[in-house]
Amino acid sequence: MSFKNILGDWAHYRRGREEGGFHNYEHKWGMAVDLNKCIGCNACSIACYAENNLAVVGPERFAKHQAMHWMRIERYWDEPDLEGEIPASQYQEQGASFLPMMCQNCMSATCEPVCPVAATYHTPDGLNAQVYNRCIGSRYCSNNCPYRLRYFNFWSYYESSWPAPLHMQLNPDLTVRDKGVMEKCTFCVQRIRVAKDKAKMEDRKVIDGEFNTACQQTCPTGAIVFGDLMNPESQVSKMWATHQVELGKTEQTKQNPQMRGYRVFEDLNTDPKVLYLERVREV
Amino acid sequence: MQTKDINEQIKWAQINKDVLTSLENPRMAYWVAVGICVAMIACAVVAEVYQYQMGIGVAALDWPQMWGLYIGTFIFWIGMSHSGTLLSAILHIVHADWRKPIYRFAEAMTTFSLMTAGLFPLIHLGRIWNLYWVLPYASDRGVWPNFRSPLAWDCFAIFTYLTSSALFLYIGMIPDLAICRDNAKGWRKKLYTVLSLGWAGTDRQWRHFRKTYLLMACFLIPLAVSVHSIVSSDFAMSIMPGWHVTTFPPYFVAGALYSGCAAIITLFIILRYFFRFEEYMTIPILEKTCKLTFVIAMAWSYLNLIEFSSVWYGHNEVDKELLLNKFTGAYSPYFWAMLFFGSVLPFTLAFEKLRRHLPTMFVVSLLLNVGMWLERWMIVSPTLSLSYEPFAWSVQWPSIVQWAIVFGSFGWFGLLFLVFVKVFPSVSMYEVKEMVYHRRRANVESKAHEFGRRSSDPQAATGLPGT
């Protein structure tokens, strides 16, 4: 957001928004999560804690909803039927369904326009970035996120979360956030940077699968796939191409019987970049 | 029964004397009130220092209840500030002269409630020390605030409104400050000499004064409407259910005028009682204020109905569920209390007997403001507790720190107001004189009409020395 956009090229800016973005994206990092494979083991969440220096807040503050899990496994239970029995209880997972939720890195993110100091903005990579140094902690972004995927540092956690010598385990590639700052999943932007720098030095494009996010790396069943949506050959692009159900159409153009991709709250037009493949159960 | 707005036989010197007496020798009750206010501020300061040291966590805000009483009370104080402009600017332009004895303190209320409201966004910030980043100052790194954000608009709107309403208050006071200057001694003499800007009451000065005052009034009206519309866009511009409502700007403005008018009634009764302003703050004027409040209350109730029915007919599941939850869920006692205080209680203002009974009006006006404060809280919190994401449904109650700061804000407002009434005349002397003059003249003219002869020189007929 700059004066140039407002004054000079407003028409182009508006049109760009409708087409899903202002920039000519070099990359558009996206994700696909196959819920058929998710077993709700929370390993991705733990990996995220280790990779991104997430504060461990302790049981009391966790109970007060002040946890900092950028990657969280949401658990929903099947509704009981009229007789009060849980119909899905015959299945292995006792009627629970899991939904791993991380920042959806929306292409028209609702958190971006509301930040008074522009601490959250869209990068040319199509990432929804959060600048910790710039954040003043007005918390409007979190209030305007329909996914509630932004977490606030209500306290200063450095000493309580990593008492010596635990501070030695902190990831040096990114900062530790102090109190009063909003934070959220970045799609492991530090790993993206390393891969992009390496590719630039070797004068080539980033190869699909050259790097991965911490959650993807840790998932024991390979439910999480991460990659570049601008590269049609990447695994994630292929999954989007085969599985994504387009909203607002009575007939789908893709004739794929296995098409089960949806995006969370897609009808809000936030254009999220995480595709979930619906869980299919045998009845 | 008193039917006239003001005693038309009152002498000029009497008006000066009555108002100037209110500036002198504070009684014991005044110092007690100041002491209470300072104690309340002390509570808030202790809470704020603690919060500054520890982080926002001590306010028992959590995920997803990121905003709480702070923002609710912020809207409440911004709302309070609207009635001063209504009384002084809008009623000035439509020539409703009954506003004249009571507009001064209403305008002071505007300025002070804005000064109180402005504190809340600072208090609620996670990193208050970086507050100035919201201001569009020139930085060598070319970093600007985000002009798309309603919070940045808030910042501009509130600063503009605060500056203009303070100026308006001051400009309207200049002739009175000159009267004070002529009667004061000691430090007051020095203060009023500087502030009255050499006012001598010449024709030229009056002409310029009238023009400036009218100009400021015209400037202030759109500003007052815009400021609360912008505050409402903090919510209306978001996509959350219960916030994303197109009727929010008029709804907020109506609510603002409502709580402001109720506060005027409260302060009216307090000032009338303690400063013995029975001659100026008369029962008929109180009645007119009450009628105005009643109309605004009905407009507010109507806008509430619009909001409910548009949710109902909109068939948006999330909005609907939130509305039902407001009526039946965890916040329902407060929501029903808001509806009762905001829409049912104002019917007491419709009865003449109750309107003329000061103790009843005092209690009612306080309760109306309780209702309006609840309204602001009911805008902020239920949406945060029940929005799109089912995983984040939770109810959170404010902690003692939040309550202490909200409590202290009333002390801060009270202290500012207490200082004001002892330093500046809280009844506009020159405008009361104008009002008396015009009433007297109208009287004489109507009498002359009765006797079938026209008074060629109304000045002579009233026997007044002129302004």
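At what angle do helix 10 of chain B and helix 15 of chain B pack, and how far apart are their axes? Select helix 10 (residues 248-274) and helix 15 (residues 358-385) of chain B: the angle is about 150 degrees, and the axes are 8 Å apart. (Helices are DSSP runs of H or I with at least four residues, strands are runs of E with at least two, and both are numbered from the N terminus. Axes are lines fitted to C-alpha atoms, for helices over the stretch in contact, and angles run from 0 to 180 degrees between N-to-C directions.) The two helices are therefore roughly antiparallel, a label for angles over 145 degrees.

Before moving on, remember that this is a predicted model, where local features need pLDDT of at least 70 and side-chain atom pairs count only at 80 or more, while totals for chains, interfaces and linings use all residues. Residues are numbered from 1 along each chain as its sequence is written, and chains are lettered from A and ligands numbered from 1 in the order in which they are written.

Now show the residues where the pair meets: helix 10 of chain B brings B:Tyr258 and B:Ile265, among others, and helix 15 of chain B brings residues including B:Phe362 and B:Met372. This contact (C-beta atoms, placed from the backbone, within 7 Å) divides into eleven nonpolar, five polar and one charged residues. Here Ala, Val, Leu, Ile, Met, Phe, Trp, Tyr, Cys and Pro count as nonpolar, Asp, Glu, Lys and Arg as charged, and the others, Gly among them, as polar.

Click on B:Met372 in helix 15 of chain B. Buried or exposed? B:Met372 is buried, with 25 other C-beta atoms within 10 Å; the cut-off for buried is 20 or more, exposed is 12 or fewer, and partly exposed lies in between. Leaving out residues up to four places away in sequence, B:Met372 touches B:Phe76, B:Gly79 and B:Gly255, among others.

Next, select helix 2 (residues 28-54) and helix 16 (residues 400-423) of chain B, whose axes come within 7 Å and cross at roughly 140 degrees. Their contact has 19 nonpolar, five polar and one charged residues.

Last stop: the place where the chains meet. Chain A puts in 33 residues and chain B 34. On the chain A side, pick helix 6 (140-143), which gives the most, with three residues. That side divides into 18 nonpolar, ten polar and five charged residues.

Notes. Parallel < 35°, antiparallel > 145°, perpendicular 65-115°, else oblique. Contact = placed C-beta atoms within 7 Å.
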